[in-house]
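Thank you all for coming. I would like to walk you through one model this morning, going slowly from a single side chain out to the helices.

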Amino acid sequence: MTLPARSPLPSSLTPLNLPRGGLFEHIPAPVTQRLLVTGQRRAYARGALLNEVGDPCEGLSFILSGQVRVDQMAALGWARIAELGPGDVFGAMEWLEGKLWEERVVALGDAEVLFVPTRALKPLSASHPELQRQVERYTQRHTLHALLGESDLFLRLAPQDMLHLIDVATMRYVRAGTKIFDDKSRISSLIVIGKGDVRLQAGLRALQTLGVGDLLNVELALGDGAPALSALAETDATLYLISFDEVEAAFARAGALPALQALARHRRERAAAGR
């Protein structure tokens, strides 16, 4: 059950005293001013649940102070997938896609949030399209950073190389049943699964199902030009595509290219063994 927030605090926020970084840094000042005018400033105590799973997302929440944890339901219960702080936003993906809440957001300590309802966001994004573009870009960057930050493979990279790969990544939504690539045609990108399930196949034989944070197309690291696998979206999925040339260059600088190639060989061997 959501713990009630205290009454909205008297607003003394201006574009000059907002948290540095995050989405505010990339939104034009007139748009930021409108967000401040239309938003509701809310305070939460430690342990408060800031949303209700299964309810519609009714707007964007900008964190002004404190830390919150984002949890996702896993096989053994709720699992942490991200921690957010001042300047970060939650509810962006749900707001953009018009989806119900699937993750829960919990205050790790006292936290303060600027909540901007959809009824204010819709006309604002219509008159200032850059708002929605920046929300989309922020969501992509933040989600991909969290996913790669959980990967032992990508933790081998220098921080600046990790951030560069995030900057050059593009996001793609696919419907259940979509063929992402096959053994005859393949895009020249490493693919990170942001949401959903993808089935790897060798011909018509299913090998394994991959999910959030898993990598696709790593076989390109072998450079033999003979891909053996195909990938099919089992559910609606969000994918992040990163140019493989950029990936190989970053791993080469870190001396970690053999680790990427080892994963690719494992995938090939599994396909050949029919497991």
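Predicted model: local features only at pLDDT ≥ 70, side-chain atom pairs only at ≥ 80, totals over all residues.

**A buried aspartate, aromatic pairs and helix contacts**

Let me begin with Asp71, whose side chain makes a polar contact of 2.7 Å with the side chain of Arg69; by polar contact I mean a pair of N or O atoms within 3.5 Å, where within protein one must be able to donate a hydrogen and the other to accept it, and where residues adjacent in sequence count only if both atoms are side-chain atoms. A further polar contact, of 2.8 Å, joins the side chains of Asp71 and Arg104.

Residues are numbered from 1 along each chain as its sequence is written, and side-chain values use heavy atoms, with hydrogens and water left out.

Asp71 sits in strand E3, residues 68-74, strands being DSSP runs of at least two residues (E) and helices runs of at least four (H or I), numbered from the N terminus. Is Asp71 buried or exposed? Asp71 counts as buried, because its relative accessibility is 2%, and buried means under 20% relative accessible area, exposed over 50% and partly exposed in between, with a 1.4 Å probe and protein chains only.

Turning to the aromatic rings, a search of the whole structure finds three pairs, where rings of Phe, Tyr and Trp (its six-membered ring) pair if their centres lie within 6.5 Å, and planes under 30 degrees apart count as stacked, over 60 as edge-to-face and the rest as tilted. One of them is the stacked pair of Phe24 and Phe62, at 4.8 Å centre to centre with 25° between the planes. This pair links distant parts of the chain, 38 residues apart, with Phe24 in the segment before helix H1 and Phe62 in strand E2. Phe24 is buried at 7% relative accessible area, and Phe62 is buried at 0%.

Finally, helix H3 (residues 118-127) and helix H4 (residues 129-149) pack at about 105°, with their axes 4 Å apart; axes are lines fitted to C-alpha atoms, for helices over the stretch in contact, and angles run from 0 to 180 degrees between N-to-C directions. H3 is therefore roughly perpendicular to H4, a label for angles of 65 to 115 degrees, with under 35 roughly parallel, over 145 roughly antiparallel and the rest oblique.
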